[in-house]
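Here is a briefing on a structure with two chains, arranged by topic. Please read it alongside the sequence and the coordinates.

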Amino acid sequence: MAQQTTWTKKDLTGIETLSRAEIEFLFDQAEKFLPALAPGKGLDLMHGRTVVNLFLEPSTRTCTAFEISAKKLGAEVVSINTTASSLVKGETLRDTAMNIRAMGVDAIVIRHSSAGAPRYLGEVLDISVINAGDGAHEHPTQALLDAFTLKQKFGKVEGLKVTILGDILFSRVARSNIHCLSKLGAQVTLAGPATLVPLSLAQAFPQVRIVHDLKAALSDADAVMLLRIQHERQTTTHFPSLAEYTSQFGLNAERAAWLKPNAVVMHPGPINRGVEVDSDVADGPRSVILEQVRNGVAVRMAVLHLCTSALKR
Amino acid sequence: MSNKNIILVRGAHVIDPANGRDEVADVFVKDGKFVAQLSAEEIKSAEVLDAKGLILSPGFVDLNCRLGEPGRSARETFRTGTLAAALGGFTTVVTMPDTIPTSDNVGTIQLIRELCDAHAVVNVLPASTLTKQQEGKALAPMGSLKKAGIIAATDTTSGVQNNEIMRRALEYANTFNLVVLDHCQDSSMTEGAQMHEGTWSLRLGLRGWPRAAEEIVVSSDCVLASLTKARIHLQHISSAGSAEIIRRAKANKLPVTAEVSVLHLLLTDAALAQYDTRLKVNPPLREESDRAALISALIDGTIDAICSDHSPCTSTEKDCEFDLAPFGAATLETAFSAAYDALVATGHLDVKLLITRLTTGPAKVLGLDAGTLSVGAAADFVLINPKTSWTFNTENQLSKSGNNPLIGKTFSSRIHSTFVGGKAVISDSKPVQK
């Protein structure tokens with residue numbers, strides 16, 4: 001099979017639909033954008049383009065990262081948050097999107113609480129649609145920046161053992177990472193309480209390993225990805241309390257010592273310090289959390305550039 | 001002149017499970033009823049239909065559909081809904097009471113009957129709710145409702161979540177010989193649920209609807225049937241486990257019956273891979289093992305009837321995020337053709353059994369004198385072309401709805417004609433102009 005050398009997708013709705021070659025092509029592009037992250041080094045590849053951030057669920061980091069990424073490429077950016085949106089007045093998503101489209105926009109970056117919403121929008125619109133997180137489905141740019149960071153740290157992702165720890169059931173970050181890491185040849189372990197990491201996940205994702213014992217999940221990992229325990233979704237049915245979660249599954253210095261010497265600790269943010277991770281681990285030598293944030297801009301630049309370049313002009 | 005009140009159907013393959021008939025024969029209709037013979041004089045004036053190569057079956061009976069009115073005429077009307085039913089071969093349909101206003105009062109039932117008298121082209125038998133406003137708290141006045149013309153009572157997709165209320169509802173309905181139709185869903189387990197809980201829901205990131213939410217209520221209904229001795233009919237069963245529970249209940253002579261929707265015999269949760277909102281149905285489409293078990297249960301009689309579960313929505317209502325789309329699929333027009341391809345063309349069952357589950361099966365559930373070619377019965381019948389090829393599309397669609405998931409599909413059998421009370425409603429697969 002010939003190596004893919006081009007990018008033809010106008011939308012990025014998930015990792016599941018990407019090939020390994022496409023992911024690697026995107027990483028090469030992101031690599032080239034890293035120097036542009038330095039102050040005063042913006043590019044003009046998207047000069048004259050307009051990007052709308054349509055965030056229908058609260059977000060600071062992802063929204064800001066997309067805004068900076070677009071601006072680094074010379075694009076104009078408009079960010080719409082949930083309260084400013086007319087959707088609260090009962091307008092349909094299609095109508096909102098068609099109106100934005102009519103104003104001459106090149107790309108919509110959407111975050112939505114409903115799984116599948118970016119895909120739906122991508123079918124409705126002839127402009128680029130970038131998924132910035134849809135319900136519990138996917139968060140593709142987060143997975144891409146995570147894998148990009150691992151590649152940076154270890155030289156390659158192939159053969160790495162990565163443990164994802166926490167609320168897998170409701171996590172779009174976990175789903176995208178399972179797809180991305182598996183496609184790149186890493187071995188994924190899912191860990192946490194059985195209510196958040198049900199065994200049925202192994203049927204949905206046959207390539208992953210499910211481990212409910214924390215020590216076993218950590219001891220052979222090259223990287224551990226912590227997921228934010230979601231206060232807003234914290235219900236007594238999935239775990240008893242934050243304190244109980246921390247006592248059983250929180251990553252503290254003692255548990256971090258179970259990791260291999262060169263293993264890294266990752267987190268998509270925002271961090272609940274003292275809940276899923278202690279500060280001395282989050283800020284410690286293993287942590288690559290701020291590198292993830294920085295790489296997130298380069299990866300999103302690559303996504304915006306490649307998807308809008310694929311648009312028929 | 002040719003007497004429209006006398007019909008002679010020649011040379012049809014007659015399948016009449018009620019009378020154990022499966023033969024090539026002529027069928028006679030006079031004054032809206034089947035008759036054993038026509039006189040030579042009558043034959044001369046009769047309207048003669050050459051039905052060679054066609055199957056003649058009693059009109060189908062649907063125990064579970066919604067026809068939009070009153071309250072949702074943008075989705076469907078009694079006219080469009082019953083035309084769709086007729087095009088699908090149904091001559092008697094039971095409508096669900098989740099109307100606007102709710103069918104929990106005599107006035108609404110009277111309104112439905114008046115509207116149907118004026119506009120319906122097939123027999124419409126309304127069901128009322130079991131409880132006021134479908135709230136599961138206070139019983140609906142089922143005695144008065146029966147007088148007003150209801151055929152059964154159900155809280156439909158709300159279910160009755162309180163076992164004490166359900167018990168009393170069963171006992172009260174039984175007083176008036178009303179069968180209770182129960183939609184089996186423990187709503188405490190389905191909050192926010194969008195599709196079957198399984199590998200697809202995990203992959204798609206949609207909230208899962210476990211089989212247990214249905215099976216728990218199927219179980220409790222069987223227990224309550226044992227306690228009250230009242231008749232319960234379990235609506236649109238979706239899981240292998242439910243079928244097994246019903247099989248045991250029937251072996252124990254409990255007064256329970258069950259139905260399955262065509263879509264659950266045809267498709268599984270894998271069909272939702274593209275987030276097709278038209279396939280967002282309640283109960284959700286489940287797995288291949290469930291589909292296979294439902295077919296087995298249909299064959300061995302554990303499941304008595306096939307229903308359409310026609311739940312029309314406008315295309316606009318379904319044109320949105322999956323989470324926000326209403327549940328339901330429009331299915332009346334394609335029910336027989338889809339079931340034929342899923343069950344008969346694949347060799348799972350013969351056409352006679354399929355017709356049984358569409359005629360005597362549902363008729364017996366409610367004790368209706370429909371679904372039969374018996375002499376003296378109303379001449380409700382269909383002619384089926386079992387060897388054809390046609391594509392269902394918006395041009396031949398009669399339902400007003402925009403949510404038939406089988407649009408664009410090609411089928412190998414088709415309803416050719418539908419007669420209600422001896423009057424042609426569908427002829428040559430098209431509505432008969434009045």
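Helix α2(A) has these buried residues: T62(A), C63(A), A65(A), F66(A), S69(A), A70(A) and K72(A). They pack against the strands β1 (50–55), β2 (76–81), β3 (107–112) and β4 of chain A, and also against α12 of chain A. The model is predicted.

**Helix α2 of chain A**
- The helix covers residues 61–72 of chain A.
- Its 12 residues should span 16 Å at 1.5 Å a residue, and the end C-alpha atoms are 16 Å apart, so the two agree.
- G74(A) follows α2(A) and has a positive phi, near 90 degrees.

**Domains of chain A**
- Domain 1 of chain A brings 21 residues to the contact, and domain 2 of chain A brings 22 residues.
- On the domain 1 side, α1 (20–33), β4 (128–134) and α12 (289–309) of chain A each supply at least two residues.
- α12(A) gives the most to that side, with 6 residues.
- By class, that side of domain 1 of chain A has 9 nonpolar, 7 polar and 5 charged residues.

**Contact between the chains**
- Chain A puts 20 residues into the contact and chain B puts in 13 residues.
- The chain A elements giving two or more residues are α3 (93–102), α4 (117–124), α6 (172–183) and α7 (201–204).
- By class, the chain A side has 7 nonpolar, 8 polar and 5 charged residues.

**Domains of chain B**
- In chain B, the domain assignment gives domain 1 (3–56 + 378–431) and domain 2 (59–192 + 212–262 + 294–366).
- The centres of these two domains of chain B, over C-alpha atoms, are separated by 25 Å.
- The contact draws 31 residues from domain 1 of chain B and 42 residues from domain 2 of chain B.
- On the domain 1 side, β16 (381–385), β19 (414–420) and β20 (423–427) of chain B give two or more residues.
- β19(B) gives the most to that side, with 4 residues.
- That side of domain 1 of chain B has 18 nonpolar, 9 polar and 4 charged residues by class.

**Strand β16 of chain B and its partners**
- β16(B) is mostly covered, with 5 of its 5 residues buried.
- F381(B), L383(B) and N385(B) point one way from the strand, while V382(B) and I384(B) point the other way.
- Strand β5 (residues 55–58) of chain B runs antiparallel to β16(B), and 4 bridges join them.
- I55(B) stands opposite I384(B) in that strand.
- β19(B) also pairs with β16(B) in the antiparallel sense, over 5 bridges.
- The bridge partner of N385(B) in β19(B) is R414(B).

**Parallel sheet of chain B**
- An open sheet of 8 strands in chain B has the order β6-β7-β8-β9-β10-β13-β14-β15, with parallel pairing.
- β6 (60–65) and β15 (305–307) of chain B are the edge strands, each pairing on one side only.
- β7 (residues 90–95) and β8 (residues 123–128) of chain B pair in the parallel sense over 4 bridges.
- V93(B) stands opposite V124(B) in β8(B).
- Helix α2 (residues 78–87) of chain B lies across β6, β7 and β8 of chain B, and runs at about 130 degrees to β7(B).
- Helix α7 (residues 211–228) of chain B also packs on the sheet, where it touches β10 (179–182), β13 (232–234) and β14 (256–261) of chain B.
- The direction of α7(B) makes about 165 degrees with that of β13(B).

**Helix α8 of chain B**
- Helix α8 (residues 240–251) of chain B has 12 residues.
- From first C-alpha to last it reaches 17 Å, close to the 16 Å expected at 1.5 Å a residue.
- Its buried residues include A240(B), S242(B), A243(B), I245(B), I246(B) and A249(B).
- The cover over the buried residues of α8(B) includes α7, β13, β14 and α10 (288–300) of chain B.
- K253(B) follows α8(B), with a positive phi near 65 degrees.

Terms used:
Residues numbered from 1 in each chain as written. Chains lettered and ligands numbered in written order. Predicted model: local features only at pLDDT ≥ 70, side-chain atom pairs only at ≥ 80, totals over all residues. Domains from an automatic or database assignment. Contact = placed C-beta atoms within 7 Å. Nonpolar A, V, L, I, M, F, W, Y, C, P; charged D, E, K, R; others polar. Pairing = 2+ DSSP bridges. Axes fitted to C-alpha atoms, helices over the stretch in contact; angles between N-to-C directions. Expected span 1.5 Å × (residues − 1). Buried ≥ 20, exposed ≤ 12 C-beta atoms within 10 Å, placed from the backbone.
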